[in-house]
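Hi,

Here is the structure I said I would pass on.

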Amino acid sequence: EGIGPQEYTALKMEVVQWGAEAAPAVDPVVQGKKVFFVAATLRPETMYGQTNCYVGPAIDYGLFEINDTDVYVCTERAARNMAFQGTTKERGQVKCLATVKGAQLIGTMIKAPLAHYEQVYVLPMETVLATKGTGVVTSVPSDSPDDYATLMDLRKKAEYYKIDPRWASFDPYPVISTPTYGDMIAETLVKKMKIQSARDKVQLAEAKEIAYKEGFYNGTMLVGTYKGEPVQEAKPKVRDEMIRANLAFPYAE
Ligand code: A2H
């Protein structure tokens, strides 16, 4: 974060099957349309390692009609921004078909573009901010300490979080190798720094910083089209590849 706009990659994760809590509210309004959860990421090159997707359970989400065929699930704030960035059919125009709480979206099955696990589930993350990105975060526990810590919390207390343990059963999948931290930098850092849960905010912020810098400057791709290449080179190429394939689009704020 610094001066100027943050350039995200907005990843399109298509709904395969709505969770039981969402189906009654959304099924009638999205008939015949493709619906996508849209996740804002700064690490497009890690998408091979997605294991799930996160929403904030208390956050309000909308189902926004973007054009004649597609509906996006994100915050209203993000939908408005998209409407002024050429994402919608008509500039500045976006119609909300329905609103839902994040909690209702949990357990929905979605496609994860490029990922080793082709279909993953929507899970809750308390630390998702409604004021950043789209309010939807794709989870890459191999490379994001926050994603890793949250996934482990969910596995430990599935009942408390009201999730089916199967939804959190996809193991972290190695995507990037660094000389100092091996091929699962997030897991290595969380263990090394003795981070107990997603509530250890200060240590997680430090781990996030290390993982980001190490991955970017010293990381090598272990999978995908740019396997063997430095992360610095692969990152824009993976982003372009996804955008060309209509699996993602640029999003700034
Ligand atoms: B990143 P910045 Cl592998 N609330 O994507 C909380 N976190 C959010 C968010 C929100 N509303 N919207 C996006 N994010 C996350 C991948 C990733 C990310 C990896 C490693 C680090 C990392 C997979 N999750 O981010 O505050 C998203 O997670 C660490 C910086 O705008 C997004 O990129 O700088 C990142 O935070 C955006 O954070």
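I'll start with the ligand. Sorted by class, the shell around the ligand has eight polar, seven nonpolar and six charged residues. That shell counts 21 residues, and the ones that come nearest are Thr41, Gly133, Val140, Asp143 and Ser144. E9 has the largest share, with three residues.

Before going further, please keep in mind that this is a predicted model. The scores are ipTM 0.98 and pTM 0.97. Mean pLDDT for the protein chain is 96, and 99% of the residues reach 70 or more.

Now the overall fold. The protein chain has 12 strands and seven helices. Its radius of gyration is 17 Å, close to the 18 Å that the globule rule gives for 253 residues, so the chain is as compact as a globular protein of that length. If you want dimensions for a figure, the C-alpha trace spans about 50 × 40 × 35 Å along its principal axes. Buried residues make up 48% of the 253 in the chain. Taking the contacts with a separation of 6 or more, 73% are between residues 24 or more positions apart.

The largest nonpolar core has 75 residues, and Phe37, Val38, Cys53, Val73 and Leu123 have the most contacts inside it. E2 gives the most to this core, with six residues. So which residues does valine 38 touch, not counting those up to four places away in sequence? The list is Ala10, Leu11, Lys12, Tyr72, Val73, Cys74, Thr134 and Val136.

- Asparagine 52 is found in strand E3 (residues 52–55). It counts as buried because it has 26 C-beta neighbours inside 10 Å, where 20 or more are needed. Leaving out residues up to four places away in sequence, asparagine 52 touches Val120, Tyr121, Leu123, Ser139, Leu151, Trp167, Ala168 and Phe170. Its C-alpha atom is separated by 14 Å from that of threonine 41, 11 residues apart along the chain.
- Threonine 75 lies in the loop between strand E5 (70–74) and helix H2 (76–83). This residue is buried too, with 26 other C-beta atoms within 10 Å. Setting aside its neighbours within four places in sequence, threonine 75 is in contact with Ile59, Tyr61, Ala130, Thr134 and Gly135.

Most residues other than glycine have a negative phi, and here are two cases to check by eye:

- Lysine 194 is not a glycine, yet has a positive phi of about 55°. Its place is in the loop between helix H5 (185–192) and H6. Buried or exposed, given the C-beta neighbours of lysine 194 inside 10 Å? There are 8 of them, so lysine 194 counts as exposed.
- Asparagine 246 has a phi near 60°, again a positive value in a residue other than glycine. You will find it in the loop between helix H7 (231–244) and strand E12 (248–252). With 10 C-beta neighbours inside 10 Å, asparagine 246 counts as exposed.

Last, a couple of threonines in loops. Threonine 180 is in the loop between strand E10 (176–177) and H5, and counts as exposed with 9 C-beta neighbours inside 10 Å. Its C-alpha atom is separated by 24 Å from that of threonine 41, and the two are 139 residues apart along the chain. Threonine 225 lies in the loop between strand E11 (220–221) and H7. It has 12 other C-beta atoms within 10 Å; the cut-off for exposed is 12 or fewer, so threonine 225 is exposed. From threonine 225 to lysine 237 is 9.1 Å, C-alpha to C-alpha, and 12 residues in sequence.

Cheers

Conventions
Residues numbered from 1 in each chain as written. Predicted model: local features only at pLDDT ≥ 70, side-chain atom pairs only at ≥ 80, totals over all residues. Near = placed C-beta within 6 Å. Helix = DSSP H or I, 4+ residues; strand = E, 2+ residues; numbered from the N terminus. Nonpolar A, V, L, I, M, F, W, Y, C, P; charged D, E, K, R; others polar. pLDDT = per-residue confidence, 0-100. Core = buried A, V, L, I, M, F, W, Y, C linked by C-beta atoms within 7 Å. Contact = placed C-beta atoms within 7 Å. Rg over C-alpha atoms; globule rule 2.2 N^0.38 Å.
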